[in-house]
Amino acid sequence: MGECGAPGDVNSNVLIARSTGDAQLDKAVWQWLNWDKNQKTKEQIESLLQNGKHKELRDRLCCRLTFGTAGLRSAMGAGFCYINDLTVIQSTQGIYKYLERCFSDFKQRGFVVGYDTRGQVTSNCSSKKLAKLTAAVLLAKDVPVYFFSTYVPTPFVPYAVQQLKAVAGVMITASHNRKEDNGYKVYWENGAQITSPHDKEIIKCIEECVEPWNGSWNENLVDTSPLRQDPLKKICDCYMEDLRKICYHRELNVQTNLKFVHTSFHGVGHDYVQLAFKAFGFQPPIPVPEQKDPDPDFSTVKCPNPEEGESVLELSLRLAEKENAKVVVATDPDADRLAVAEQQENGCWKVFTGNELAALFGWWMFFCWKENCSQDADVKNVYMLATTVSSKILRAIALKEGFHFEETLPGFKWIGSRVKDLLDNGKEVLFAFEESIGFMCGTSVLDKDGVSAAVVIAEMATYLEGKNLTLAQKLIEIYETYGYHISKTSYFLCYDPPTIKRIFEKLRNFDAPQSYPKFCGIYNILHVRDITTGYDSSQPNEKSVLPVSKSSQMITFTFQNGCVATLRTSGTEPKIKYYAEMCALPEQSDRSMLEEELQKLIEALIENFLEPDKNGLIWRSA
């Protein structure tokens, strides 16, 4: 852990801290007790110290948060590896130091701060308070701060960074994670989440100045400083205006009798989705009353992740049945992701996967582009993107229609940066996605956006209804035209990092040292790509085209039968995820046979490569 100034006079805290008998821990305890001004988190550390809980103290104080696929994310609570007032101040001080080095006009252009509605009473920690402290660090250093006066969807922060020409921005959110968590998402001047090397350099800067500066704890600065501005009205108005650029059938939206139910999952989405529907000419969607308003306890759902499917959409589906609404749209708590369900003719509900929704969005965005583009528009200038663990359906559509498709590493930070590069080079990007229900329709926001996706799917459903088609029927048409892409994604929980490492190291040394498996049960493996090491057997030089990502585990297997399967660790949760997809040609139309083949391959993958019983992995609960 880095230092910024030596400890001052010996006081009672130092004497207590020395009693641990561990010099590194003594120092960390001293720092915490002297620097933390949040009484609740300070008391948590004092209590552990007084009760001799040295192992827990070491776990909490002797490691630091690092940037994952979604910035900093952890449980709220006391300690340098948790999200709390002190670690947010330290992170912002590091960001200030780094931005000061990168931008000579930092103090003219300013910084954006947004937040969701999370909170934890036991740590006196809330997203709004953490956002105020983030702003305080910068305001105390004479940096103009655009601080939203109320909670906003995550996409509003990257949108504001670009609109206001700020150098960077932070969103305090843990998105769809469990209620105990919070996070700190950093956006660069291009409106995309930070990628390497910025993340590594910021961590270095954080470690160079861990002691809070004068003024860093003054959260009242957001109310008193003349350098603070509230961008809420301007950004909301501009966002809704920009949204109209991807509205193609306003006249149908105004006339439709189709009804929609929206749930915001106790998060920030309600007001903004209502405004988005209005911008497209729709009647407002019917809100789920129990989930409409922010609630940091997420009291009506087991977990606040709409990706979990029908089990967490129960209230929405029952309300939709009562109101005779055929489509349910669900935004996650920070409104950057979208789940969709549609009632079928037999009365049952189909909850679409992220990959299925991407097939619909990809078809729709290209269809609308074709209908509205100028005569001299070149399809070869058009792009769509997906993360490498997502469905290859866009690749199939691109091959047939003539536009470009590109893959990136997992995480929207890679998509956002690549889209910005393409736009800067005069390309047109219509759509990008990740399979975990993250969608980017258009390029007003260079990040996933559940608000825009919700209203685009509503317009799509409205248009299709006029053609006597449902979303589910259109999806089958898409697969029949471009080839079935049947996918399954799930995960195992593993709370023991050495076990995770052992599983992946075994795959790299399967039958012999530095030898990957050639079979998985009865299934022949054609190619192996290991993003962690940079190996790709399909390339002439055996080097991966995608950048190496040593900080996470990720291996992809391409099978002879057309299946592609990836095993990877989560960047935000203690999970080993698997992604498997059967990519068929248009003439292979026996869906049930493809599904059966995929299921057998997944079973072989789990049994031979993950070995859950032997490795003590916890199966995802149904």
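Visitor: How many salt bridges does the structure hold?

Guide: The structure holds 38 salt bridges, a salt bridge being a side-chain nitrogen of Lys or Arg within 4 Å of a carboxyl oxygen of Asp or Glu. This is a predicted model, in which local features need pLDDT of at least 70 and side-chain atom pairs count only at pLDDT 80 or more, while totals for chains, interfaces and linings use all residues. Residues are numbered from 1 along each chain as its sequence is written, and side-chain values use heavy atoms, with hydrogens and water left out.

Visitor: Which residue forms a salt bridge with Arg337?

Guide: The partner of Arg337 is Glu307, with the closest N and O atoms 3.3 Å apart. Arg337 lies in the loop between strand E11 (327-331) and strand E12 (338-343), and Glu307 in the loop between strand E10 (286-287) and helix H14 (314-323), so the pair ties together parts that are 30 residues apart in sequence. Helices (H or I, at least four residues) and strands (E, at least two) are DSSP runs, numbered from the N terminus.

Visitor: Is Arg337 buried or exposed?

Guide: Arg337 counts as buried, at 1% relative accessibility. Glu307 is partly exposed, with a relative accessible area of 31%. Buried means under 20% relative accessible area, exposed over 50%, and partly exposed in between (1.4 Å probe, protein chains only).

Visitor: And where do Glu321 and Arg318 lie?

Guide: Both lie in helix H14, three residues apart, about one turn of the helix. Glu321 is partly exposed at 35% relative accessibility, and Arg318 is partly exposed at 33%.

Visitor: Which residues do salt bridges that share partners join into one network?

Guide: That network consists of Lys185, Asp336, Glu434 and Lys448.

Visitor: Changing topic to strand E2: how many of its residues are buried?

Guide: Five of the five residues of E2 (residues 111-115) are buried.

Visitor: Which strands do bridges join to E2?

Guide: Three bridges join E2 to strand E5 (residues 145-147), and five join E2 to strand E6 (residues 168-172). Two strands pair if DSSP finds at least two bridges between them. E2 runs parallel to E5 and parallel to E6. Val112 stands opposite Tyr146 in E5, and Gly114 opposite Met171 in E6.
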